[in-house]
Structures are given as structure tokens and as C-alpha cells.
Amino acid sequence: MSIIVGEVIAINGVKITLKVFEESSKDTLYYLGEKYKGVSIREYISIQRGFRDIICIVEGEYLDENKFEKDGNKTNYIRKLDAKPIGYFEHGAFNEGIKYLPMIKDSAFLLKEDKISEIYSKGKNDGFVIGEMLKEELPISLPWQKLFNSHIGIFGNTGSGKSNTLAKLYTVLFEQKVDVITDKSKFVILDFNGEYTGEQLIGEPYKSTLKLNTYTASEDKFPLYEAEFWNTETLSILFQATANTQRPFINRIISGRDRFRDVHNSLFNYIKSTFSAVFSAASPKAEALDLLRNISSVLGTDELKDTLKNIKWIGGNAHSFVGPGVNDYYNADGVTYARVLGDIVDQIQTNNLDNFDELIVRANLQLTRDFINGYVQFEHIQPLLKRIDSSLSGLRKVICIVEQANNFNLLTVISLRKCNQEMKKILPLLIAKHFYQQHKNEVENPPNKTMHLIIDEAHNILSQQSSSEHESWKDYRLELFEEIIKEGRKFGVFITLSSQRPADISSTIVSQLHNFFIHRLVNERDLFLLDNTISTLDALSRSLIPNLSKGNCIATGTSFDLPMVLQVHRLDKEKQPDSEDVDLESLWT
Ligand SMILES: Nc1ncnc2c1ncn2[C@@H]1O[C@H](COP(=O)(O)OP(=O)(O)OP(=O)(O)O)[C@@H](O)[C@H]1O
Ligand SMILES: [Mg+2]
């Protein structure tokens, strides 16, 4: 059998108290050539009950005194243990959960080391090893079958080893399964700090890297389909449109574009009639002239720009505008317009317009129309136009509009390191939406392919606290990710996120995660959140979190029967994420 260490003396609910025989306080013991660990906190013991071995984890240890009268008041100390059952062995297989409890006088034995790895990897050892158990130093094979079809959260303070764990997890996955997962699964990493753009995770030809850059023009751009760009939701995301007035406005731009899409020269005709409408409106508007100037600055000839520059608003009832000649008064009959501007406007070329410019032109046209017809308040929509104007120069550098579906590689790393703050918020949303929609359209039921979205430093986009942005827009952003995390599983879409501050991330999102790798965390708010959202975290493992060292983490969640403390292996130098601590000794010499 094994080394007997004590016997049960009390059972109180699921708390078991054992009396321990003195010798067993040694660290390591040998019995019939096998190695055993002595009893101490977080070690395992096995209590025999009939044909079953009930496995308990030691939670506390103390001394109790005992006085024997007849020995002349001599005090004896008895060593006692508190233990909690975690499961049992039956017919040689481990089952987790408290189904059987021991009884008083049952004997307790030490557990052989190989039994421990059987408990944690359920006897299945298919070599999916990212690390070893911290205390036992046993390599443990993770249940990949149940892990990668779940949402995963990796949490821990800065420098605690999150990126290493994340990278290790997927490096091992690709090393072992690359042949069988290509064509069936896609992996996308949103990389805020450019940590995964080198040799990490997997090499050519399976990996492609997009280094998006909003500061200088570069080759790498994220492809959106035309239909995806000309979509109310997308444009509302891109330009942070407010829900009540700006969104319907965008909607009108798009539906107008769709309605006349097959009509020859429709945009040109639309421009022409809008110009004419402004200068012969029944109730003319001064602001409309500015909007026309915006349009001409995108596609007008110099002559048009000059002419518009010299036209002035004079208000009044009889006439609205005058110029460039002192007698060029415009009124509702349109005669002056036809004479002065008609031919110049006819010179406009709309053929070489790209999608971004077309958007500026259409937005200005739409506002002009809506405004002179009295549909909208100018000041409600104008901020949107300003935003379109100011964001487009950045967007142009990071997005391209394509006609054909792009076929992404097994792994796509999208680095946002060189993006400005605004784009760091917007692009992840756009990218996630793109992949999610595309996957949803292609996938069958039940899912015949999967899509894995990996977000390192997820607090960048999923935090509830950022006060710098518009309320409704923030909701929208969280909503999309909340939808993915709530509904994604049905379509085979899974999220892995890593963050320093779980408490900052929307609680809807954290509470929907299935599995966790928790590194060192010291902040009370974070720990409190974990207590409340992770049902599988027990008190003993929880108490370890603030004191874990680099690369140690607690793995827990629906895919693990029991929480376990892992020492994640550090990746080889060239496979490590580019997030090394600065080595001052070498830097400052
Ligand atoms: N398992 C490990 N064993 C030993 N060292 C490790 C381990 N994991 C990470 N480290 C080291 O710790 C440092 C920080 O690791 P890492 O970048 O993974 O932390 P992080 O939690 O992602 O930090 P941040 O939140 O700042 O991104 C690195 O220098 C790395 O080499
Ligand atoms: Mg990191």
C-alpha cells in the first residue's frame, strides 16, 4: 500500500480532522523505493474507505495538548490536520467532487507522486504541457480539448508573466497541432504593444503580421470589404456617431448610395443638383455654402474653388448670395446660378474618387440636402462631419477597402503599437467585428471551423472606466465584445484575453470567461472581483495569489477539475514576447 500517516478523528461537514503520527513531519519519505511527500499544507493524503481512496488536500495543521493525570501531569502534544476532500479514486480512476466522506478511525496514507499527476491530468497524458505543478514539480498536461473551445482570461500585475503564459499556451498548441488545425481554425492576435511580431508562436508560412501605423504611410493595412465599410454600424463605430441623430444621418447616406448605385453617373448628378439647389433654394442657408466648399476641396477644379471663395452670403429676403461679380445675385429662379456656376460645376470629375473621399463628399451632400430642406439641425450633424474629416487621414493609413474576400493565414498578428490612441480604440472593434461577422456567415451549425480572438492588454479596449470617450460609443464597443463572448461559443468563436486589471474590465465580460490563468495580483479590488466571479477558485488557492512569483499562476475554471498552481515554463529566447524587463546592468555599462 503506502505509508500510513494518521487516522480520522473528526468530521464536521466537509472538514475532516486527522490525528497524525509523529514521524510523518519529514519533507520527503521513501517506501519500497517510491518517493512520497510528507504531510504539510497543500499536500495530498488518501483516506481508505472500503474499495475507494478518498483524496483530501491539507488545509491546516496544529498541535493539541493532552494531559495524562496518571503520568504525573505530563503534557502530551498531538499533531492534528484539517483536510478537505477533493475527490476519490475508484477502480483506479480519479473522480473529482465530494461524493464520499471518510469516517472516524479511517486510516490516512501518503499519496504517491504519480497519483497526483493522475488527479490533475485525469490519467490522460497527451503531452500538452505548458508548465509544471509548482510544489510537486510534476509536468502537467492541460486538457486542450476543453480549453480551446472556451473563453480564457489571463490576469496578473504587470511583469507577472501574463504575456509569457499566453504565448506559451499558443506556442505549444501550434507546435503540436499545426497540421490538423490549418484550414479549420483561424487565430487573430490584437497586439497593442507589438510583442508578437517576430518569431513568436509560429513561423512562416503560417503567420502573417500586419503592423498598422497611423503616423507614417506603410504597406500594412487592414482590409475591409466595400459593403462592410459602407455600413451604418461600421461608420458609426469609426466616427463615433451619436445614436439619436448622427446614426440616422449616416443611414441616409448609405441608403441613398445604395439606391442609385447602378445609375450611370449618379454621384455626379447628385452633386450638380445639390449645387443648384443651394443657390436657388426657397429658403437659402449660409452654412450650405461652406458645405459646398468642402465638397469642392475634395474634387473641384481650381476654377470652382476660386469661384466659391468669392461668393458671399448676404442674407436678406430678395437675395441670398452674391459673387464673384458685384451684380451676381442669386435667387430662386436659378438664372444667375446657371450663368455663373453651371458650366464650372459640370467640370467636376467623380471617377477617380476613392471610398474615403466619396464618404466626405456624400456626407457633405447629405447634410446640405437635409439642411436646406429643414430635416436636421445643422449643429447636430456638423460635429460628425468634423470627425469624419479629422479621422480619415489616420484611417487611410491603416485601412484599405477591397472587393474580394481576403483569406487570412492560420495566425494573423495585428500590431497596434504605432497607432494613435483614437485608432487603438477603434480598430480592435472594427477588426473584431470583421472577423466575427465573416466567421458567422461562413460557419455551419454545428460549427465546422473555429475562430480565436486573442487580446493581450485587453484593458485598452474593454475597460469600463475610460472617461475620455462618448458614453454611447463606449456602450457600443463593450456591446460588441459582450455579444461575442455571450454568443460566440455557438459559432465557434472564442476569446482569450489578458489584462493587468481585471477589475477595470466590464464585469459582463469577466463573468463569461470559462477558464482563468491567474498570476500575482495584489490589488484588493481585483481580488474581490475574482472572488465574486470565479466560482471554481477555492480559498486556499485564492490566498496564494498575492504572493505568486514570476510565471506562477493558478489555473482554474470549467475545463479543470481542480484549481492547480502552475509554474509556466519560460519560452526560449526567440519565442518570447518582446516584453523583456530592462536589464539595467547591461544598459548602463
Ligand atoms: N514563466 C516564467 N519564468 C520566468 N520568467 C518569466 C516567466 N514568465 C515571464 N517571465 C519574465 O518576466 C518578465 C515579464 O513577463 P511578461 O512580459 O510575460 O509579463 P506581463 O505580465 O505580460 O507584463 P505586462 O502586464 O507588463 O505586459 C519578462 O522579463 C519575462 O522574461
Ligand atoms: Mg504583457
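Where in the chain is the place of Ala281?

1. **Ala281.** This residue sits in the loop that links α7 (266-279) and α8 (286-299). The model is a predicted one. Within 10 Å of Ala281 there are 19 other C-beta atoms. A residue needs 20 or more to be buried, so Ala281 is classed as partly exposed. Asn331 is 50 residues away from Ala281 along the chain, yet their C-alpha atoms are 7.6 Å apart.

2. **Domains.** The protein splits into domain 1 (4-123), domain 2 (144-206 + 409-579) and domain 3 (228-400). Between the C-alpha centres of domain 1 and domain 2 the distance is 38 Å. Contact between these two domains involves five residues of domain 1 and four of domain 2. On the domain 1 side, the touching residues are two nonpolar and three charged, with no polar ones.

3. **The nonpolar core.** The largest nonpolar core holds 142 residues. Which of its members touch the most others? They are Ile45, Cys56, Ile414, Leu427 and Ile518. Helix α14 (residues 421-442) gives the core its largest share, seven residues. Take Ile518 as an example. Leaving aside residues up to four places away in sequence, Ile518 touches Phe155, Gly156, Leu530, Ile545, Cys553 and Ile554.

4. **Leu110.** This residue belongs to strand β9 (residues 107-110). Is Leu110 buried or exposed? It counts as buried, because 22 C-beta neighbours lie inside 10 Å. Its contacts, again without residues up to four places away in sequence, are Ser2, Ile3, Val5, Leu29, Tyr36, Lys37 and Ile45. Val39 is 71 residues from Leu110 along the chain, and the two C-alpha atoms are 7.4 Å apart.

5. **Strand β25.** How many of the five residues of β25 (residues 564-568) are buried? Five of the five are, so the strand is largely enclosed by the rest of the structure. In a regular strand, side chains alternate between the two faces of the sheet. Here both faces are covered. Met564, Leu566 and Val568 are buried on one side, and Val565 and Gln567 on the other.

6. **Partners of β25.** Strand β10 (residues 129-133) runs antiparallel to β25, and three bridges join them. Gly131 is placed opposite Val568 of β25. Strand β24 (residues 552-557) also pairs with β25 in the antiparallel sense, over four bridges. Within that pair, Asn552 has Gln567 as its bridge partner. β24 and β25 make a hairpin, with six residues between them.

7. **A three-stranded sheet.** Another sheet is open and has three strands in the order β16-β17-β18, paired antiparallel. Why is one side of β16 (312-313) and of β18 (329-330) left without a neighbour in the sheet? Each stands at an edge and has a single partner strand, so one side has none. β17 (residues 321-322) is joined to β18 by two bridges, in the antiparallel sense.

8. **Ligand 1.** The ligand is surrounded by 18 residues. The closest are Gly161, Ser163, Asn164, Gly551 and Ser579. Helix α3 (residues 162-181) supplies the largest share of this shell, three residues. By type, the shell comprises eleven polar, five charged and two nonpolar residues.

9. **Cis peptide bonds.** Most residues other than glycine have a negative phi, and most peptide bonds are trans. Some places here depart from that pattern. The bond from Glu204 to Pro205 is cis, with omega near -10°. Pro205 is in the loop between β13 (185-191) and β14 (207-213). The bond from Asn445 to Pro446 is also cis, with omega near 0°. Pro446 falls in the loop between α14 and β21 (450-455).

10. **Positive phi.** Leu32 is not a glycine, but its phi is near 50°. It lies in the loop from β3 (28-31) to β4 (34-37). With 7 other C-beta atoms within 10 Å, Leu32 is exposed. Asn265 has a positive phi too, about 60°. Its loop runs between α6 (246-259) and α7. Asn265 has 12 other C-beta atoms within 10 Å, so it is exposed.

How values were computed. Residues numbered from 1 in each chain as written. Chains lettered and ligands numbered in written order. Predicted model: local features only at pLDDT ≥ 70, side-chain atom pairs only at ≥ 80, totals over all residues. Pairing = 2+ DSSP bridges. Core = buried A, V, L, I, M, F, W, Y, C linked by C-beta atoms within 7 Å. Contact = placed C-beta atoms within 7 Å. Near = placed C-beta within 6 Å. Nonpolar A, V, L, I, M, F, W, Y, C, P; charged D, E, K, R; others polar. Domains from an automatic or database assignment.
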